[in-house]
Amino acid sequence: MDTRTVGVLGGGQLGRMFVEAANNRNISVAVLDKKASPAKQINSYNGVDGSFTNAQAIRELARKCDILTVEIEHVDTDVLEELENESLARGKSIEIQPSWQTIRIIQDKFLQKQRLIEAQVDVAESRPFTTVSRDELKKVSNEIGFPFMLKARKGAYDGRGNHPVRSTEDFEPAMKNLQGRELYAEKWADFAMELAVMVVKTKNEADSLVWESSTKSFPTVETVHQDSICKLVYAPARGLSDKLNAQAQKLARRAVASFKGKGVFGVEMFLLKDDSILVNEIAPRPHNSGHYTIEACRLSQYDAHLLAILDRPIPAKSLQLLNPAIMLNILGGADPNSYLNLANAADAAGAKVHLYGKGNATKGRKMGHLTLVGDSMPELEEEMRHLITGADRLHDEQPREQPLLEKPPATTTTAPQTQPEPVVSITTGSKSDQPHLKDCYNILNQLSIPFEKRITSAHRTPSTMATYGSTAPSRSIKVIIAAAGGAAHLPGMVAAFSKTVPVIGLPIKPTIGDGWDSLVSCTSMPRGCPVLTVGVNNATNAALGAARILAGWDEGVRGRLEEYVNRAEAESLENDRRLQEEHEQEA
């Protein structure tokens, strides 16, 4: 019996399934995340309540564990480095798997691509930005051509933090959308199919030349995305030749072998129309595209990750596909309960259903997944067709980027992703209020939170304002920021009509007066009609308040918000250091 305790940074759905695998082997797992996170709901071991980016919380978890691993890569690698150095100095080592060095490189997508290039792994051509300007974008477009993707180096998630650039007309909106972030440009990959391979690394060393002895892999699968979110996974990939299947697995294993540490890595790839394959991104952890392994292989990706970091044997045949399988993500829809209807329909169809215990089912949120396993892919496709038809109706889906149950024809050029629907709506009573909202727009752009701008006067266009507020719950809007000066009726009226959507009141200082009337108006709503009010002209807090609300269920927003707060803290500490230096020089 293994008496070591494994600590997991992150307790979302991946952590939950990792805990399930550990429970089956009677291995203790301690989880660092908020108290009601999906993993903690099924984990009785004494973990740590807090954020997986908080250094103090990570240290507290480390004191309880022998091995640390991650469920999400957006963690504090500085404290992981310190922990490793401190434990080595004491002569008692706490293992961090995969290595903090690997996690740090993978966190920066441009550095990740550079590491792969050094390992002679094929990736799309890319260029870093020293300054984000029209001239720089023009220079890049001359070097790599149109179209290309402008990408945030850190914190991008499910397509957020990316902006397609098809022509010079996209320069301004791209810069505006990604303002304040460190960026790089990547040549558009005109792919015929998206592939993924889950790779198990069993040795600490980083050497792509010994990929055969240090890695094993699950089958090559086909992934289909909708609105930049993985929707379907076909195992094995449909219509993929044995030659291309072997080529994809070899490329994925070589890529992972170039990074330090042990465990499971998710490798996303593009199959181009000339049958060449590029690595798109690597995740240093189990991955959405590997959920099918729970039912379709002898070992799941979570079993494999656990065994790899514990140095247990993993026979290659245990990673082979036992039967064809299709995995469908269960997403939140316009109706909060639609995902439960889909889960019930899947039960009736004989599918294996996994629900994650996430609470509120907001539109597009991953609430669970289902897997169909059978004797032949055509039979499974027919079964899944009926479930997808119901899912699309129940989820009120947007138009697809490509048909979900048809392999894209080789002649189809996949267009850059469309912009995500706004989740924050910012409304003012007058166009003259717009200058006061500049900081609000900038911060939401920095955090890659899609938003819309509206003018809905409570006095001049009351009917429009009423329609705007009353329809917000049925749209994609999760938070409303309402800015108004003078009597400032707008925030309260919007709150009355929006019913369930939280409204943040932003009092604006009018031409006459100091803004006190506006502030009092926003804070003096009658019981039952709350307006969450920030200070006069404090557009910064309005944006950050909206981000904190969204971060309660959106892991991507949470990670980017924590990075923003950490940058602000670092800047303050640096200012303090410089002030002390200046004082010492003056003395």
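Q: Which residues of helix 16 are buried?
A: This is a predicted model. In it, helix 16 covers residues 490-498, and its buried residues are Leu490, Pro491, Gly492, Val494, Ala495 and Ser498.

Q: What follows helix 16?
A: Lys499, with a positive phi near 65°.

Q: Switching topic: where is Val534?
A: Val534 sits in the loop between strand 22 (532-533) and helix 18 (539-551).

Q: Buried or exposed? What about Val534's relative accessible area?
A: Val534 has a relative accessible area of 15%, and the cut-off for buried is under 20%, so Val534 counts as buried.

Q: Which residues is Val534 in contact with, leaving aside neighbours within four places in sequence?
A: Ile504, Gly505, Leu506, Pro507, Leu519, Asn541 and Ala542. For Leu519, which is 15 residues away along the chain, the C-alpha separation from Val534 is 8.3 Å.

Q: OK, helix 18 next. How do the axes of helix 18 and helix 19 cross?
A: At roughly 140°, with the axes coming within 8 Å; helix 19 is residues 555-586. That angle makes helix 18 oblique to helix 19. The crossing is left-handed.

Q: Which residues make that contact?
A: From helix 18, Leu544, Ala547, Arg548, Leu550 and Ala551; from helix 19, Val557, Arg558, Leu561 and Tyr564.

Q: How many of those are nonpolar, polar or charged?
A: Seven are nonpolar, two are charged and none is polar.

Terms used:
Residues numbered from 1 in each chain as written. Predicted model: local features only at pLDDT ≥ 70, side-chain atom pairs only at ≥ 80, totals over all residues. Heavy atoms only, no water. Helix = DSSP H or I, 4+ residues; strand = E, 2+ residues; numbered from the N terminus. Buried < 20%, exposed > 50% of the residue type's maximum accessible area, 1.4 Å probe, protein only. Contact = heavy atoms within 4.5 Å. Axes fitted to C-alpha atoms, helices over the stretch in contact; angles between N-to-C directions. Parallel < 35°, antiparallel > 145°, perpendicular 65-115°, else oblique. Left-handed = near helix turned anticlockwise from the far one by under 90°. Nonpolar A, V, L, I, M, F, W, Y, C, P; charged D, E, K, R; others polar.
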